[in-house]
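This briefing sets out the main features of one protein chain, grouped by topic. Please read it alongside the sequence and the structure shown here.

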Amino acid sequence: MAKAIIAPSMLSSDFANLASEAERMLNCGADWLHMDIMDGHFVPNLTLGAPIIESLRKHTKAYLDCHLMVTNPLDYVEPLGKAGASGFTFHVEASRDNWQELVQKIKSKGMKPGVSLKPGTPIEEVYPLLDGENSVELVLVMTVEPGFGGQKFMPEMMDKVRTLRKKYPSLDIEVDGGLGPSTIEAATSAGANCIVAGSSVFGAPDPAQVITLLRVSVEEAQKRS
């Protein structure tokens, strides 16, 4: 059974105090730190890149779960590997032609390869990346349009999670977008085990309480399944 992983999205943190925000999240019980890397092209927003990952790495041993919302993910493998990224999740829409080479390179740099898909992309598009010899180890189902924090959760995306969990019982299935106390049940009952949460954690009076609630929801859903 895939273990419960709670990954606060650092996109919602105070960027001026990234190291202390990372430490605060880990002290609140976070398993991973989710890092949104956007190029201003694949998505309109522009966020952090390899130099920031490298500088944060000097202050933490945490698993840095990097989500690449970029047009050319291959260009980022070398710099992110050097910077100390732990996971490298690219978009299926940006890698239809070269995903095998991409996965191989990610693994060669010691990072965990993952694939993500936008809300409008059918779940079937990720199957070749899971069924081949050189497979990814995580699927990130976007429950909002990628590119901006604070959007509303799309419950209809949970059909993708259900389909994936049925087909791949032990896969790490991550969900990102609009996750918090009011939406977590929909995600975990569908089979998600890895939860990315931004504003619902960082904006909470007690982030540790929210992280615990998210984890308990995953564990309870797994007991029921």
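**Residue D31 and the overall picture**

The model is a predicted one.

- D31 is placed in the loop that runs between α1 (18-27) and β2 (32-38).
- With a relative accessible area of 24%, D31 is partly exposed, because that value falls between the limits of 20% for buried and 50% for exposed.
- D31 and A7 are 24 residues apart along the chain, and their C-alpha atoms are separated by 6.0 Å.

**Overall dimensions and packing**

- Taken along the principal axes, the box filled by the C-alpha atoms of the protein chain is roughly 40 × 40 × 30 Å.
- Of the 225 residues in the protein chain, 56% are buried.
- Among contacts with a separation of 6 or more in the protein chain, 68% are between residues 24 or more positions apart.

**Surface and charge**

- The protein chain exposes about 9800 Å², and carbon and sulfur atoms supply 51% of that area.
- There are 21 positive and 28 negative side chains in the protein chain.
- The centres of these two sets of charged side chains lie 4 Å apart.

**Cysteines**

- How many disulfides does a search of the whole structure find? The search finds 0.
- For C28, the closest cysteine sulfur belongs to C194 and is 18 Å away, so the two are too far apart for a bond.
- For C66, the closest cysteine sulfur is likewise that of C194, at 13 Å, which is also too far for a bond.
- The cut-off that matters here is 2.5 Å between cysteine sulfur atoms.
- C28 is buried, with a relative accessible area of 17%, and C66 is buried at 0% relative accessibility.

**Residue L130 in helix α5**

- L130 belongs to helix α5, which spans residues 127-131.
- Its relative accessibility is 12%, so L130 counts as buried.
- Not counting residues up to four places away in sequence, L130 touches S135, V136, V139, L164, Y168 and L171.
- L130 and L48 are 82 residues apart along the chain, with 28 Å between their C-alpha atoms.

**Residue I184 in helix α7**

- I184 is part of helix α7, residues 184-190.
- Is I184 buried or exposed? With a relative accessible area of 2%, I184 is buried.
- When neighbours within four places in sequence are left aside, I184 is in contact with L179, I195, L213, L214 and S217.
- I184 and T47 lie 137 residues apart in sequence, and the C-alpha to C-alpha distance between them is 26 Å.

**Residue Q222 in helix α9**

- Q222 lies within helix α9, which covers residues 207-224.
- A relative accessible area of 17% places Q222 among the buried residues, because the limit for that class is under 20%.
- Which residues does Q222 contact, leaving aside its neighbours within four places in sequence? They are M1, A2 and N193.

Methods:
Residues numbered from 1 in each chain as written. Predicted model: local features only at pLDDT ≥ 70, side-chain atom pairs only at ≥ 80, totals over all residues. Heavy atoms only, no water. Helix = DSSP H or I, 4+ residues; strand = E, 2+ residues; numbered from the N terminus. Buried < 20%, exposed > 50% of the residue type's maximum accessible area, 1.4 Å probe, protein only. Contact = heavy atoms within 4.5 Å. Areas by Shrake-Rupley, 256 points an atom, 1.4 Å probe, with all protein chains shown as cover. Lys, Arg positive; Asp, Glu negative; His and termini not counted. Charge placed at Lys NZ, Arg CZ, Asp CG, Glu CD.
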